Amino acid sequence: MPAYIDELAAKIKAVLGERARPYAAPSGEYAIEVDSARYVEVARTLRDDPQLSFEQLIDLAGVDYLDYGRAEWRTTAATASGFSRGVNHAAPHTLAGNKRFAVTSQLLSISHNQRLRVRVWADSVEDPMLDSLVGVWASAEWYEREAFDLFGILFRGHPDLRRILTDYGFIGHPFRKDFPLIGNVEVHYDEKLKRVVYGPVEIEPRILVPRVIRHDNRYDPALHDHPPGDRA
């Protein structure tokens with residue numbers, strides 16, 4: 001790891017001890033995982049301790065790990081992307097235990113010019129809930145509303161936890177991995193009623209497996225060059 005990452009890791013280890021556990025992050029970044037019960041406590045320490053001084057929360061997002069680790073087409077004959085891909089539902093989930101929803105926060109220390117990623121797991125799968133960070137960083141307010149709207153993650157102590165991106169009558173949370181691609185409600189403008197009308201989805205759910213077969217003219221014998229006098 002770069003020297004500045006080693007320095008940050010050492011400071012976090014000295015200040016937080018066992019309250020923070022490092023986990024894999026892209027090169028040049030450092031990430032820690034904390035328990036949900038100590039989430040706000042650790043956040044306040046990250047902000048207030050002079051060795052760390054993460055004054056700014058620059059982003060917060062929900063994550064759904066429902067199908068984490070289930071790769072697509074574990075074969076040598078098919079690609080992992082594009083039209084030829086498919087999900088291997090028989091593959092085991094790589095996260096053991098009651099883990100599905102998590103929240104990741106991106107922190108910035110202006111004083112030390114350092115960044116940190118913090119991940120915390122919601123304890124429940126049915127009703128995922130975490131303590132709100134609004135009391136630590138005011139910028140968390142709209143980010144947590146977005147995580148609630150898109151993933152259904154609840155934030156205990158949030159001053160105004162309501163939807164922020166979807167419509168008032170929206171049903172469900174669209175970034176969840178098990179949310180239907182066609183949605184739950186169909187919306188259209190009714191010319192007779194002169195208003196927007198909500199109704200059941202009329203599109204039939206189906207899975208398409210496109211097969212594109214193209215004729216390659218490079219291999220067409222009729223277009224190949226022939227010696228003089230030998231052309232058909």
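Which residues have the most contacts inside the largest nonpolar core? I opened my notebook with that one, keeping in mind that this is a predicted model.

**Entry 1: the core**

I found 37 residues in the largest nonpolar core, and Ile12, Ile32, Leu46 and Leu116 have the most contacts inside it. I then looked up where the core residues come from: helix 1, strand 2, helix 2, strand 3, strand 4 (101-109), strand 5 and helix 3 (140-151) each supply at least two. Helix 1 gives the largest share of this core, six residues. I noted the general background too: in soluble globular proteins, nonpolar side chains tend to be buried together.

Setting aside neighbours within four places in sequence, I listed its contacts as Leu16, Ile32, Leu52, Ser53, Phe54, Leu107, Leu116 and Val118.

**Entry 2: helix 1**

I checked the length of helix 1 (residues 3-16) next. Its 14 residues at 1.5 Å each should span 20 Å, and I found the end C-alpha atoms 20 Å apart, so the two agree.

Which residues of helix 1 are buried? I wrote down Ile5, Leu8, Ala9, Lys11, Ile12, Val15 and Leu16. Looking down the axis of helix 1, I saw that the buried residues fall within an arc of 165 degrees, so they line one face of the helix. I kept a reminder beside this: an α-helix has 3.6 residues a turn, so residues three or four places apart point the same way. Ala3 and Ala14, on the other side of helix 1, are exposed.

I also looked up what covers the buried residues of helix 1, and the cover includes strand 2 (31-34), helix 2 (39-48) and strand 5 (114-121). After helix 1 comes glycine 17, with a positive phi near 60 degrees.

I traced an open sheet of five strands in the order 1-2-5-4-3, with mixed pairing. Strand 1 (21-22) and strand 3 are its edge strands, each pairing on one side only. Strand 1 pairs with strand 2 in the antiparallel sense over two bridges. Across that pairing, I found proline 22 opposite isoleucine 32 in strand 2. Isoleucine 32 was already in my notes, as one of the residues with the most contacts inside the core.

**Entry 3: aspartate 64**

Is aspartate 64 buried or exposed? I found aspartate 64 in strand 3 (residues 56-64), and its relative accessible area is 4%, so it counts as buried.

I then looked for polar partners. A polar atom of the aspartate 64 side chain lies 3.0 Å from the backbone nitrogen of leucine 66. The side chain of aspartate 64 also reaches the backbone nitrogen of lysine 177, at 2.7 Å. Not counting residues up to four places away in sequence, I found aspartate 64 touching Arg100, Phe101, Phe151, Phe175, Arg176 and Lys177.

The buried residues I listed in helix 3 are Ala140, Glu144, Arg145, Ala147, Phe148, Asp149, Leu150 and Phe151. What covers them includes strand 3, strand 4, strand 6 (129-131) and strand 7. Glycine 152 follows helix 3, and its phi is positive, near 75 degrees.

Arginine 145 sits in helix 3, and I noted it as buried because its relative accessible area is 6%, under the 20% cut-off. Leaving out neighbours within four places in sequence, arginine 145 is in contact with His158, Asp160, Leu161, Arg162, Arg163 and Ile164.

With 44% relative accessibility, arginine 162 counts as partly exposed. Beyond neighbours within four places in sequence, I found arginine 162 in contact with Arg145 and Phe148. Its side chain makes a polar contact with the side chain of aspartate 160, at 2.9 Å. I also checked arginine 162 against glutamate 146: they are 16 residues apart along the chain, and their C-alpha atoms are separated by 8.7 Å.

**Entry 4: a hairpin**

My last stop was strand 8 and strand 9 (residues 195-200), which pair in the antiparallel sense over six bridges. Valine 185 stands opposite proline 200 in strand 9. The two strands form a hairpin with four residues between them, and lysine 194 in the turn has a positive phi of about 60 degrees.

Notes
Residues numbered from 1 in each chain as written. Predicted model: local features only at pLDDT ≥ 70, side-chain atom pairs only at ≥ 80, totals over all residues. Heavy atoms only, no water. Expected span 1.5 Å × (residues − 1). Buried < 20%, exposed > 50% of the residue type's maximum accessible area, 1.4 Å probe, protein only. Arc of directions from axis to C-beta. Contact = heavy atoms within 4.5 Å. Polar contact = N/O pair within 3.5 Å; in protein donor to acceptor, adjacent residues only side chain to side chain. Core = buried A, V, L, I, M, F, W, Y, C linked by side-chain atoms within 4.5 Å. Pairing = 2+ DSSP bridges.
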